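Biologist: I am new to this structure and would like to learn how to read it. Could we take it feature by feature?

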Amino acid sequence: MQIQIESRTRYHIMWLAGVRHVALDQHCLRSFGQPDRPRLDISRRHQTIELPDHNPPLAWYVCALPNPWKWSDNAHLAFEAAPGEQWEGNALVPGLYVRLDNARPITGWGEHSIPESEPRRKAYRFRTCRNYQFAWWLRTELNAPDAPPEYMPPKRPGQGEQMSLM
């Protein structure tokens, strides 16, 4: 499986996560617990990442925040392994163009994926977080397990290599 990323906009933060479990008391990248984290280089306009075929995660997720930051311009793409399939297009916004080989996008998730009964749904930072929305989709559609109890989220965004900063 391979992902090719073309940055058509300047991004301040960009990461790729192989999601195996969820931490539904967190938002942003932390909502994916301890994901697989292939390295991305936001200084490169084009990059190709080979993703391992063995022991695949439930799904992959790419996220990029533009510089200057504007929520509606954040790029997001959830995808899964699909041998023999190819897809290419924008990661939600025109600034990040992606080509997937042996994979396909996962669609149909959004704010509606967060259960009405979930108290954090009322909190702006959780309700509007697309990572958190997808984490809930993974829980309800793929029965994603909770992050291991030993998981301790970093106290600051840069701690634990949570994000790639430019």
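Modeller: Start with a term for the sheet: two strands pair if DSSP finds at least two bridges between them. Keep in mind that this is a predicted model.

Biologist: In what order do the strands form the sheet?

Modeller: The order is β2-β4-β5-β6-β1-β3, an open sheet of 6 strands with antiparallel pairing. β2 and β3 stand at the edges with a single partner strand each, so one side of each has no neighbour in the sheet. On average, neighbouring strands here are turned by 15 degrees against each other, direction ignored.

Biologist: Over how many bridges do β4 and β5 pair?

Modeller: They pair over 5 bridges, in the antiparallel sense.

Biologist: Next, the backbone. Which peptide bond is cis?

Modeller: The bond from Asn-67 to Pro-68 is cis, and its omega is near 5 degrees. Pro-68 sits in the loop between β4 (59-66) and β5 (75-91).

Biologist: What is there to note about phi at Cys-28?

Modeller: Phi of Cys-28 is positive, near 60 degrees, in a residue other than glycine. Cys-28 belongs to the loop between β2 (11-19) and β3 (46-50). Asn-55 also has a positive phi, near 50 degrees, and is likewise not glycine. Asn-55 is in the loop between β3 and β4.

Biologist: Is Asn-55 buried or exposed?

Modeller: For this step a cut-off is needed: buried means under 20% relative accessible area, exposed means over 50%, and partly exposed is in between. Asn-55 has a relative accessible area of 54%, so it is exposed. Cys-28 has 30%, so it is partly exposed.

Biologist: What can be said of contacts along the sequence?

Modeller: Take the contacts between residues at least 6 apart in sequence: 62% of them join residues at least 24 apart.

How values were computed:
Residues numbered from 1 in each chain as written. Predicted model: local features only at pLDDT ≥ 70, side-chain atom pairs only at ≥ 80, totals over all residues. Heavy atoms only, no water. Helix = DSSP H or I, 4+ residues; strand = E, 2+ residues; numbered from the N terminus. Buried < 20%, exposed > 50% of the residue type's maximum accessible area, 1.4 Å probe, protein only. Axes fitted to C-alpha atoms, helices over the stretch in contact; angles between N-to-C directions. Contact = heavy atoms within 4.5 Å.
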